[in-house]
Amino acid sequence: MRKIIVGSRRSKLALTQSQQFIDQLKRKHPNLEIEIKEIVTKGDQIVNVQLSKVGGKGLFVKEIEQALYDGTIDLAIHSLKDVPSVLPEGLTLGCIPVREDARDAYIAKHHIPLHELKPGSIVGTSSLRRGAQLLDQYPHLEIKWIRGNIDTRLAKLRDEDYDAIILAAAGLNRMGWDKSIVTEYLNPELMLPAIGQGALGIECRSDDAEVLALLKSVHDEETELCTEAERTFLRLMDGSCQVPIAGHATMVGESIEFTGLIMSPDGKEKYKVTHSGGNPIEIGTQVAKAMEQNGAKAIIETLNQDI
């Protein structure tokens with residue numbers, strides 16, 4: 001087989017999870033020759049503005065997708081939550097490996113539990129989804145915007161006026177952080193994860209049969225079914241980084257159970273729907289239709305007008 005060129009963002013987390021995926025591939029194909037090509041995306045260059053103000057998470061994949069089109073890379077390793085729900089023509093998700101922990105991790109100074117934070121305590125997050133859900137449950141807290149990699153955010157928690165921060169558990173696990181750093185993992189009943197959180201999406205050209213066959217060897221069907229329900233919901237709701245939208249699917253026996261959530265950024269409006277069944281596209285569609293019927297679509301339309 002030919003040498004495979006992998007496109008990855010230049011961040012420490014992106015390069016680490018890319019290498020972990022490559023190691024997974026090489027365990028199946030020991031003689032495979034792979035090289036990582038680092039690509040700086042627009043999202044990496046903009047570090048002092050909220051993503052929702054500059055076009056959303058698609059900013060982390062566009063330059064990498066262009067490299068796929070140009071043929072300078074053969075596959076791209078993304079965090080699936082960064083991948084828009086509609087892919088450009090000619091590109092496909094050739095593989096979705098086994099999902100990491102999809103939960104959010106709450107990290108506090110002095111390990112103060114979330115329910116014990118005093119009124120006015122400052123919680124750092126760059127996610128409208130996290131902020132809205134926190135304000136729904138704990139309206140006495142203050143949400144303060146924070147960006148940067150894991151090390152940067154932990155340093156800001158230590159040195160600045162944050163009382164706590166919230167990070168994706170998957171990123172902490174992939175970077176090898178000791179679980180003792182986490183004050184508590186937030187269960188989905190309290191903090192529903194982002195669409196695709198904890199999963200990787202391996203993107204390639206739709207007509208590259210050699211790469212598609214290679215990727216099939218490390219594909220996880222259960223993760224694909226769950227994330228397909230989530231991404232169907234995201235696509236039908238026209239969700240963007242401007243919208244506090246969440247969704248998480250799990251397998252319960254042979255059935256997919258999916259919960260979708262849409263909120264106003266201040267946490268005062270909340271729409272939450274759960275459906276289950278065997279077909280991920282049907283499940284995601286059912287939840288989206290229920291959201292349209294109960295009025296949640298109006299929040300999205302209003303917020304998307306502000307982009």
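## Briefing: a pocket, its surroundings and some side chains

The second largest pocket holds about 270 Å³ of space. The model is predicted.

- Helix H8 makes the biggest contribution to the lining, with 6 residues.
- By residue type, the lining of the second largest pocket has 6 nonpolar, 5 polar and 4 charged members.
- In general, empty space is found by rolling a probe the size of a water molecule over the atoms.

**Cysteines**

- How many disulfides does a search of the whole structure find? The search finds 0 disulfides.
- For a disulfide, the two sulfur atoms have to be within 2.5 Å.
- Cys204 is likewise in no disulfide, and the cysteine sulfur nearest to its own is that of Cys95, 9.1 Å away.
- Cys95 has 0% relative accessibility and therefore counts as buried. Cys204 also has 0% relative accessibility, so Cys204 counts as buried. The cut-off for buried is under 20% relative accessible area.

**Aromatic rings and a charge**

- There is 1 aromatic pair in the structure.
- The pair is formed by Phe233 and Phe258, whose ring centres are 5.4 Å apart and whose planes stand at 65°, so the pair is edge-to-face. The angle cut-off for edge-to-face is over 60 degrees.
- Which parts of the chain does the pair tie together? Phe233 belongs to helix H8 and Phe258 to strand E12, residues 255-263, so the pair ties together parts that are 25 residues apart in sequence.
- Phe233 and Phe258 are both buried.
- As a general rule, a pair of aromatic rings is described by two values, the distance of the centres and the angle of the planes.
- Elsewhere, the charged end of Lys144 sits over the ring of Tyr162, at 5.0 Å from the centre of that ring.

**Two histidines in the loop between E5 and E6**

- His110 is found in the loop between strand E5, residues 104-108, and strand E6, residues 122-124. His111 is also in the loop between E5 and E6.
- The phi angle of His110 is near 60°, which is a positive value in a residue other than glycine. For His111, phi is positive as well, at about 55°, although His111 is not a glycine.
- Is His110 buried or exposed? With 75% relative accessibility, His110 counts as exposed. His111 has a relative accessible area of 41% and is partly exposed.

**Contacts across the chain**

- Ile96 lies in the loop between E4 and E5. At 6% relative accessibility, Ile96 counts as buried. Ile96 and Thr223 are 127 residues apart along the chain, and their C-alpha atoms are separated by 6.7 Å.
- Arg27 is part of helix H1, residues 12-28. Arg27 counts as exposed, at 64% relative accessibility. The C-alpha atoms of Arg27 and Val218 are separated by 9.7 Å, while the two residues are 191 residues apart along the chain.
- Where is Trp177 placed? Trp177 is in the loop between helix H6, residues 169-174, and strand E9, residues 184-186. With 32% relative accessibility, Trp177 counts as partly exposed. From C-alpha to C-alpha, Trp177 and Ile150 are 9.8 Å apart in space, and they are 27 residues apart in sequence.

Notes:
Residues are numbered from 1 along each chain as its sequence is written. This is a predicted model: local features need pLDDT of at least 70, side-chain atom pairs count only at pLDDT 80 or more; totals for chains, interfaces and linings use all residues. Side-chain values use heavy atoms; hydrogens and water are left out. Buried means under 20% relative accessible area, exposed over 50%, partly exposed in between (1.4 Å probe, protein chains only). On a 1 Å grid over the protein atoms alone, a cavity is a set of points where a 1.4 Å probe fits but cannot get out, and a pocket is an open set with protein on both sides within 12 Å along at least five of seven lines; lining residues have an atom within 4 Å of a point. Grid points are joined across faces, edges and corners, and a volume is the space filled by probe spheres set on the points. Helices (H or I, at least four residues) and strands (E, at least two) are DSSP runs, numbered from the N terminus. Ala, Val, Leu, Ile, Met, Phe, Trp, Tyr, Cys and Pro count as nonpolar, Asp, Glu, Lys and Arg as charged, and the others, Gly among them, as polar. Rings of Phe, Tyr and Trp (its six-membered ring) pair if their centres lie within 6.5 Å; planes under 30 degrees apart count as stacked, over 60 as edge-to-face and the rest as tilted. A charge sits over a ring if NZ of Lys or CZ of Arg is within 6 Å of the ring centre and within 35 degrees of the ring normal.
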